[in-house]
Amino acid sequence: MARSEKAPKAPKPPKEPGRLKQMYQVYKMTRREDPGSVWYMLAGFVLPLLLAILLGVLLARDSIFGLIMWVLAGILGGLLGFMIVLGRRAEQAAYKQIEGQPGAVGAVLKSSLPRGWTGSEMPVAISPRTQDAVYRAVGKGGVVLIGEGPASRTQRMLDDERRKVARILPNVPIHVLHVGPDIDSVPLAKMSKKFKRYKKALNRAEIYAVSNRVKSLSSKGTNLPIPKGIDPTKVRAPRPR
C-alpha cells in the first residue's frame, strides 16, 4: 500500500501585537494626524511627576525613603496621565481620519454611542449616486435620524424617514442631526455627545419595543449595502489601558 501523504498543516494565525506595541502604534498614528498632541501627552506625564516631587519635598524631606516613594508615585501618575491624554487624542485623530468619508456615521453608531442608545452601521436610506445616507438610532431620548452628507441633499431623505417613523410611532420624540460639510452640521467627533443632551423619554422596555418597531421598517425595504469608503472595524485605534 502506498504511504498516505500527510495533510499540510494549517498556517498559524498571526500573533496580535503586545500591549506596548499597540500603544506605540497608537502613538505614531496620533502624532502623524495631530503633531501638537505630543506636547499634551508630555504635559500629562510631567505635571503629575512635578506635583509628586513637590509634595515629597514638603512632606517627606527628612525621609529619603518617603521622598523616593513620592517620586515613584509621581512616575505612575505621569504614566496614567500620559495614557489618558493619548487615548483622548487618539480618538480625535481617528475621527479626523474618517470624517467626510461614506460610512463614517455608521462607524460611530457601531462603537461610540453613549449608554442607553443603540444604532446600526447600516444606513436606512442611501443615495446610490452621491453615497449620502441616513442612519437611525434608538435610545432613552427617542429616535434620532442622522443625515450623512450636505443638508441640501440629505434633507429629503430625512423627511421621508421621519414620516415613516412618525406613522408607526406617533408618540415617540424624533430628532434629526446633520453630519456633513455644512457650517451648522454636527462634527463627527461630537456626534455621540449630542445624544447625551436629549431628555429621557423612554425606559428600557420602551426602548426595546421602539427598536423592534423601527426595525420592521427596514425589513420591509431592500437591504442596503454599507457605503463604500471605509472599513468601520478598522477606524478606531485601540485605547491603551
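This is a predicted model: local features need pLDDT of at least 70, side-chain atom pairs count only at pLDDT 80 or more; totals for chains, interfaces and linings use all residues.
**Entry 1: helix 3 and its end**

I began with helix 3, residues 64–98, and found that its 35 residues reach 51 Å from the first C-alpha to the last, close to the 51 Å expected at 1.5 Å a residue. Just after helix 3 I noted G100, which takes a positive phi of about 90°.

**Entry 2: helix 1 against helix 3**

I then looked up how helix 1, residues 19–33, packs on helix 3, and read an angle of about 55° with the axes 9 Å apart. That angle makes helix 1 oblique to helix 3, since angles from 65 to 115 degrees would count as roughly perpendicular and those under 35 as roughly parallel. I recorded the crossing of the two helices as left-handed. On the helix 1 side the contact is made by M23, V26, Y27, M29, T30, R32 and E33, while helix 3 contributes F82, M83, L86, R89, A90, A93, K96 and Q97. Sorting this contact by class, I have nine nonpolar residues, two polar ones and four charged ones.

**Entry 3: helix 4 and what covers it**

The buried residues I listed are A104, V105, G106, A107, V108 and L109. Their cover includes helix 3 and helix 6 (191–196), and also strand 1 (117–119), strand 3 (133–139), strand 4 (142–148) and strand 5 (174–179).

**Entry 4: T154**

Leaving aside its neighbours within four places in sequence, I found T154 in contact with D132, A133, G147, E148, G149 and H178.

**Entry 5: L55**

Last I turned to L55, which lies in helix 2 (residues 37–59). I put L55 down as partly exposed because its relative accessibility is 31%, and that class lies between the 20% and 50% limits. Apart from neighbours within four places in sequence, L55 is in contact with A60 and W70. I also checked L55 against V71, and these two are 16 residues apart in sequence and 9.3 Å apart in space, C-alpha to C-alpha.

Terms used
Residues are numbered from 1 along each chain as its sequence is written. Side-chain values use heavy atoms; hydrogens and water are left out. Helices (H or I, at least four residues) and strands (E, at least two) are DSSP runs, numbered from the N terminus. Buried means under 20% relative accessible area, exposed over 50%, partly exposed in between (1.4 Å probe, protein chains only). Contact means heavy atoms within 4.5 Å. Axes are lines fitted to C-alpha atoms, for helices over the stretch in contact, and angles run from 0 to 180 degrees between N-to-C directions. Angles under 35 degrees count as roughly parallel, over 145 as roughly antiparallel, 65 to 115 as roughly perpendicular and the rest as oblique. A crossing is left-handed if the near helix is turned anticlockwise from the far one by less than a right angle, and right-handed if clockwise. Ala, Val, Leu, Ile, Met, Phe, Trp, Tyr, Cys and Pro count as nonpolar, Asp, Glu, Lys and Arg as charged, and the others, Gly among them, as polar. The expected span of a helix is 1.5 Å times one less than its number of residues.
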